[in-house]
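Hi,

Here is the structure I promised to pass on. Have a look, and my notes follow below.

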Amino acid sequence: MSRVLLFTGKGGVGKTTLSAATAASLAAHGRKALVVSTDPAHSLGDALDVRLGAEPSEVDGSDGLFACQIDPRGLVDEAWGDLRGHLRTVLAGAGVDELDAEELTVLPGVEELLALAEVRRLASSGPWEVVVVDCGPTAETLRLLSLPEAFAGYLERLFPTHRRVVRGLLAGVAGTGTVEKWDATADALSRLAERLDALRSMLTDSSSCSVRLVLTPERVVAAETRRTLTALALQGIRVDSVIANRLVPSPGAARGAAASWLRTRRHEQDAVLAELTGIGEIRTVDHRASEPVGVSALLEVAEQLYGDSDPLPGAAVSESLLEVSGSGRGLDARYSLRIALPLADDTELDLARVGDDLALTVDGRRRLVALPSLLRRCIVTGAEMDSGGVTVGFRPDPSLWR
């Protein structure tokens, strides 16, 4: 499978330009690259100065650079239509009104989910070595990247994994013993479940997929970037770099009102970047006098962005999200669970025990963390938070250690 680079950031920070520049640079250095837009407001074709369709095509004037703009509506009509039809039949057989059945099968997020599935298909089937994805603004992207897990949970609750259980359920609710009549629905559900599993595997595998966050050096944007880093880590998705775009060029020793303005603005931008501590190296790109449009202009942007370094770094080893340590024995033992997450000072954190899971909610985003077997017979004694994550204390539950 091709490497997948997902570019996202707050709206208007220049992620389309930087994703196109990265793909153009990869192609110029001998790697076949495909740049894809999943942003509902497509502007990738404008950045490349070419007309793009839903199918990849080679960009004129380049060698090995391909591009396309995914059409989610077309994917819905093509891929989701059959399954919706099967589900409507099942629900109608269970006594659900036809109009209600129609509404129940129109699930929010289906378009975005199928767009992400199309990215994976392109990454696994095309001749390109890298697929660069121009995603939508941050909030939409976080929702997009969380959809495979959310849909998988929804599907699991509606229809159990085991094929025979699904088939039996479908036959039962329809009031008929003819299982074969509903076999097509079971097949469609199984295919959907397999696609969801494949998507989740791709997103959380740092050797095949990573995110690049684009920001402009403004306090509001930087604050959102910190929250995005935490949200992605919570989902197990790796960020391989952060890019600060549109830095005001330094005026040097020039004098005058314009130079004074540039000096003040650049000082403010540098101060914002200095506050983004603990997130690794930040690459920077200067604000340009003219908008970079076309492959040649994009290559100039890529030269400043990457210099002599490889735009596609080697896959880093993912840090473990969970780490358990402890001391003592029996009921006197004390354990701690370290959950690695980049957290800001104003992060709102909530922890709750839900059976064998720990419900971790960070700034309104919730994830169930499966507890290691050792800690399932323990009770939570407290938690501490720092910039690198959360440490949760545990002690054995006497009622379970007899």
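Predicted model: local features only at pLDDT ≥ 70, side-chain atom pairs only at ≥ 80, totals over all residues.

In which sense do strands E1 and E5 pair, and over how many bridges? Strand E1 (residues 3-9) and strand E5 (residues 130-137) run parallel, with six bridges; pairing here takes at least two DSSP bridges. Arg 3 has Val 130 of E5 as its bridge partner.

Residues are numbered from 1 along each chain as its sequence is written, and side-chain values use heavy atoms, with hydrogens and water left out. Helices (H or I, at least four residues) and strands (E, at least two) are DSSP runs, numbered from the N terminus.

Those two strands belong to an open, mixed sheet of eight, ordered E3-E4-E2-E5-E1-E6-E7-E8. Its edges are E3 (57-58) and E8 (282-286), each pairing on one side only.

Now Gln 69, which sits in strand E4 (residues 65-69). Gln 69 counts as buried because its relative accessibility is 15% (buried is under 20%, exposed over 50%, partly exposed in between, with a 1.4 Å probe and protein chains only). A polar atom of its side chain lies 3.0 Å from the backbone nitrogen of Gly 45. Leaving aside residues up to four places away in sequence, Gln 69 touches several others, including Ser 37, His 42 and Leu 52 (contact is heavy atoms within 4.5 Å).

Cheers

Conventions
Polar contact = N/O pair within 3.5 Å; in protein donor to acceptor, adjacent residues only side chain to side chain.
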